[in-house]
Amino acid sequence: MRDERRETQDVLPKPDPKFNGVIGRTHKDSKPDKIPVVQAPEGAPNVLIILIDDCGFGQWGTFGGQVPTPNLDRIAKNGLRYTRFHTTALCSPSRAALLTGRNHHSAATGTITELGDAFPGYSGQIPKSTTMVAEIVRQNGYSTAFFGKNHNIADWETSISGPFDRWPSLQGFDHFYGFIGGESNQWQPPLYADTIPIEMEVPPGRDGNYTLNTALADKAIQYIHMQKAVTPDRPFFIYYAPGATHAPHQVPKEWVEKFKGKFDQGWDKYREETFERQKNLGVIPRDTKLTPRPVEIPAYDSLTPDLKKVAARLMETFAAYTAQTDYEVGRVLDAVEEVGQFDNTLVFWEIGDNGASMEGTLNGAFNEMMSLGGVPEDPSVIVKRIDEIGGPTSYNHFPVGWAWAMNTPFQWGKQVASHFGGTRNPLVIHWPEKIKDRGGVRTQFHHVIDIVPTILEAANIPEPYMVNGVAQKPIEGISMMYSFDNANAPEQRHTQYFEMFGNRALYHDGWIAACRHGRLPWQNIGSADFGQDTWELYKVDDDFSEYTDLSAKYPEKLRDLQDMFWVEAAKYNVLPLDDRFIERADPNLRPSLIEGRTDFTFYPGAVRVPESSSPNIKNKSHTITAHIEVPQQGAEGVLVAAGGVAGGYALYVKAGKPVYEYNWFNEKRDKVAGAKLSPGPATIRVDFKYDGGGIGKGGMVSLFVNDKKVGEGRVEKTVPARFSADETFDVGMDTGSPVSADYAPPSKFTGTLKKVDIRLETSPLSPADEESVRALHQAAIMSAQ
């Protein structure tokens, strides 16, 4: 809906100004005009949006959680806490809604980009008719920058071939430093500066305690200092989305040490304790009721001693990750204060793009890619590696029970758009120059689409109806500024729909109809009959936690809201509802850079090729051939690699010898090595003969140099689907985290690499096996939301 108080709209870019000088025959009888420079409206504030990932309402200390978050505390103490603010229940959709001011289906992001299809609400390609707020403010005199996670680029548009229309640099951001996709390794992240692949630079002396969380803060601070030094009067717009606290939960050990023994009470007791803290802080009403644990989640006391030990350590690490995130955001806020801009900076600190993630399995994971690949982890193995959790060899995620506890006092969590555990996220707004009710609480019902119109009203920028020649869909959010000065102001958002994977709800004037549909959020397979769904009804004005289902008492009210849902669904491109998983993982639903190809040739410099756009060697026989030249002094380094520490393969030269290594989920590594290479030209070939008989089976590896067999060995089992959620395919080096422990990335080959050829044989899989592979790809993709 449009903000009715906005009387004018705008066209961007603005028309060229009229020339007001004098033009004669020569410069002597002419008078120049001033070269126009677009300036922001007078009094327009700096804007800083901070978006935390995968957070529950009961996670951060400011809102009753048991992780101290002093920097969020100080912002909340001098700003406003919104306790009835909502997201879409999933990553890409919430981010699309946040940046465009439109509902996620209106922005063609009804699900994550990797699951897109050709229906208007689900393509994963944010349309040019829903311009991001960064482009609007940039054309109104702002400097703009984006730091962190970008999960709003279609999977097939993330390679060097582009197109780059939906990358930050063409969506209104002057600068981008971060990663593409749903999650990233914190220790060795695959980063981009604008559209250029780069590696994270670790400062001298910081090896072992420098992660992406810190690097992002460093880059944001550097930008703030430079931007205000060069253009102190030009406001900035910064979107800071660190990707924390999304899995993998990786953090330096000194942070984990702070939380040793802090969560031995388990998730049931944590919820009870947090619930009391929330009431005492005034962030939930005193009469709120604590929703019970679903029967599908085990009681903490039912766990074995080993499972308790693992669960506690995984939660300690997650808490450490949360505390580190608060600290690093605090450093960014310090930089704003340091340059004298604190009072005139409008800060939106959104604690979560959805609720805490219930995708870590019931027991938690040391390497989440393993369980997502259909291979259950043995808890005894996790116990043996417990001290590695959070470090560079782990890829960990915590148990479902802890995610449920983080979402106190609500039901369910991430993905479940029907209930507040998935959609109700805390928001703090801080703007000392305009907000006078310091430390106030606001209870008006709002949604993530309301942030864009709030920014536009605060900056006195009209909503454009045309941007870069494209007519715009009306912004569907409403400004929240009416609530800044009046805690009791009547709420202006009357209706809001929610939908994700068939989970759906409709809010209207204090009531909500909710329907949790189909599979559980930690299950990756399953479709259900929409006609058999059960709906619930809550009067959330009086029932903050959705505790009391009133559907039997008020069936007519429920029917009214159900009917209203279908109206909203048709209006905002929600239809058709689709809960399928295996079918939606079918790559034929989306453009592909590798469809139908069996022969590939890559040249040096082919790095950061997305896994989905690189040769898929899984579950089939294949050959890899590297054409090299070895100098007289010998050569070392990677010839070709795919994946990283969580799983993958690499062909490299170590101590002058060619080595093929297969990394099975960082749990088993198989190597085949040859003799030392002689100086001169060499053709190194790997023949992988797949055993067949299903997915994830083993194979025989033969290693050849100049057509002479120099090594042979078995790979006993292989990764059936994706190697990782963030790693890529590289030629001539290994970017990101290393496939092998034999080298440190990027380990660029020091000889001459001419090219790498890869040939795939026809897949031996049955249709049923192919379907299983799609399901496992889907599982891996879902983990990276």
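Contact here means heavy atoms within 4.5 Å. In this predicted model, 10 strands form an open sheet of mixed pairing, and helix H2 packs on that sheet. Helix H12 lies across S2, S9 and S10, while the axes of helices H1 and H7 come within 8 Å of each other.

**The sheet**

- The strand order is S8-S7-S6-S5-S9-S2-S10-S11-S3-S12.
- Strand S8 (196-199) and strand S12 (440-442) are the edge strands, each pairing on one side only.
- On average, neighbouring strands of this sheet are turned by 20° against each other, direction ignored.
- Four bridges join strand S7 (residues 190-193) to S8 in the antiparallel sense.
- Opposite isoleucine 196 in S8 stands alanine 193.

**Helices on the strands**

- Helix H2 (residues 91-100) touches strand S2 (46-51), strand S5 (143-150), strand S9 (236-241) and strand S10 (345-350).
- The direction of H2 makes about 170° with that of S9.
- Helix H12 (residues 451-459) runs at about 170° to S10.

**The H1–H7 contact**

- The axes of helix H1 (residues 70-77) and helix H7 (residues 305-338) cross at roughly 45°, so H1 is oblique to H7.
- H1 contributes Pro70, Asn71, Leu72, Arg74 and Ile75 to the contact, and H7 contributes Asp326, Tyr327, Gly330, Leu333, Asp334 and Glu337.
- Classified by residue type, the contact of H1 with H7 comprises five nonpolar, two polar and four charged residues.

Note on methods
Residues numbered from 1 in each chain as written. Predicted model: local features only at pLDDT ≥ 70, side-chain atom pairs only at ≥ 80, totals over all residues. Heavy atoms only, no water. Pairing = 2+ DSSP bridges. Helix = DSSP H or I, 4+ residues; strand = E, 2+ residues; numbered from the N terminus. Axes fitted to C-alpha atoms, helices over the stretch in contact; angles between N-to-C directions. Parallel < 35°, antiparallel > 145°, perpendicular 65-115°, else oblique. Nonpolar A, V, L, I, M, F, W, Y, C, P; charged D, E, K, R; others polar.
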